[in-house]
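Here is my note on the model you asked me to look over. Please read it with the structure open beside you.

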Amino acid sequence: MTEIVNTAQSEAWNGYEGEHWAANHDRYDAVNSGFNEPLLEAARVGGGDRVLDIGCGNGQLTRLAARRAAAATGVDLSGPMLARAERQARDEAVDNVSFTRGDAQVHPFPDAAFDVAISRFGVLFFADPVVAFGNIARALRPGGRLAFVSMPALSDSEVGLAFSAAAAHLPGFEIGHSLNDFADPGAMRGLLTSAGFTGVEVRRIDADSIWGSDIADATGFIMDWGPIRYHRSLHDFAADEQVRAAIAGALVPFARPDGVHLSSGAWLVTATKPLP
């Protein structure tokens, strides 16, 4: 494995966060898979493309890209999630996909080795976004395409209602803040331009996300989501009964016979590496 400079995120994604996402890969894909097709279409993945998936996690998007391209490579900090990604690729017989553990900010990708770079929320956790995107630009051929989805403030979606309900009983847990600059379209345009990309476009998309088979199932899943679990631990789990009841109550309007559905929003961002 190459050098890791994003040490805080590496610790998280090789600890509880990464283990929870790997163990619950199907659930997290049910939450996020509604963004797969809009993202792949925006990236125009197809034909002979060589695709790089940044922060690939459990690898669902990487495998989907591989099925419509010449080859796809996923990179992530998380050992547990990459192990899951490799198992899923074997189980699904996707043989033109590979995964590597590394920090996208400093990973020594070969120059101009990829036609397209994509990411489903993985870019949110860069330690230095301009440097990281500069490294990704180096890995793209001239004219190569970048497409990713990033997360608006959680308060700006139905998903935020459940987390707001939890926050009422967990002092210090905030849902309205942005992750770095990735909730701000203007800031994203600025950092991508600084990293050498052109033609930056940002638009809002929304997708259906399924959080559980019923209210109890979805509530349990949200209770164990990393940031909520962390804030529960800060209060020695003393507020668990109130947190659980608040989340369950917030989910009632979204329960259907086939599961708990919440509308989730994202910024869909596209850009191009300029020709010489």
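1. Basis. This is a predicted model, in which local features need pLDDT of at least 70, side-chain atom pairs count only at pLDDT 80 or more, and totals for chains, interfaces and linings use all residues. Residues are numbered from 1 along each chain as its sequence is written, and side-chain values use heavy atoms, with hydrogens and water left out.

2. Strands β1 and β2. Helices (H or I, at least four residues) and strands (E, at least two) are DSSP runs, numbered from the N terminus. Strand β1 covers residues 50-54 and strand β2 residues 71-76; they run parallel and are joined by 5 bridges. Two strands pair if DSSP finds at least two bridges between them. Valine 51 has alanine 72 in β2 as its bridge partner. Isoleucine 54 stands opposite valine 75 in β2.

3. The other side of the pairing list. β1 is also joined to β4, by 3 bridges, and these two strands run parallel. Here leucine 52 stands opposite alanine 117 of β4. How many of the 5 residues of β1 are buried? The count is 4, so β1 is largely enclosed by the rest of the structure. Buried means under 20% relative accessible area, exposed over 50%, and partly exposed in between (1.4 Å probe, protein chains only).

4. Crossovers. β1, helix α5 (residues 60-68) and β2 form a right-handed β-α-β unit. The chain then crosses from β2 through helix α6 (residues 79-91) to β3, and this β-α-β crossover is right-handed. Right-handed means that, with the strands pointing away from the viewer, the path from the first strand over the helix to the second runs clockwise. β2 and strand β3 (residues 97-101) pair in the parallel sense over 5 bridges. Aspartate 76 stands opposite arginine 101 in β3.

5. Helices α4 and α5. Two packed helices are described by the angle between their axes and the distance between the axes. The axes of helix α4 (residues 36-43) and α5 come within 11 Å and cross at roughly 45°. That makes α4 oblique to α5. Axes are lines fitted to C-alpha atoms, for helices over the stretch in contact, and angles run from 0 to 180 degrees between N-to-C directions. Angles under 35 degrees count as roughly parallel, over 145 as roughly antiparallel, 65 to 115 as roughly perpendicular and the rest as oblique. The crossing is right-handed. For a crossing, left-handed means that the near helix is turned anticlockwise from the far one by less than a right angle, and right-handed that it is turned clockwise. Among the residues that meet are Leu39 and Leu40 in α4, with Leu61 and Leu64 in α5. Contact means heavy atoms within 4.5 Å.

6. Helices α10 and α12. The axes of helix α10 (residues 215-223) and α12 come within 9 Å and cross at roughly 130°. The two helices are therefore oblique to each other. Their crossing is right-handed. The meeting residues include Ile215, Ile222 and Met223 in α10, and Val243, Ile247 and Leu251 in α12.

7. Helix α11. Which residues of α11 are buried? They are Gly226, Ile228, His231 and Arg232. These buried residues pack against α2 (16-23), α8 (159-167), α10 and α12.

8. Positive phi, two cases. Most residues other than glycine have a negative phi. Aspartate 236 has a positive phi of about 55° although it is not a glycine. Aspartate 236 lies in the loop between α11 (226-234) and α12 (240-251). Aspartate 236 is exposed, with a relative accessible area of 65%. Phenylalanine 121 also has a positive phi, near 70°. Phenylalanine 121 lies in the loop between β4 (114-120) and α7 (129-139). Is phenylalanine 121 buried or exposed? Phenylalanine 121 is buried, with a relative accessible area of 10%.

9. Serine 264. This residue lies in strand β8 (residues 259-272). At 13% relative accessibility, serine 264 counts as buried. Leaving aside neighbours within four places in sequence, serine 264 is in contact with Phe35, Val159, Ile205, Asp206, Ala207 and Ser209.
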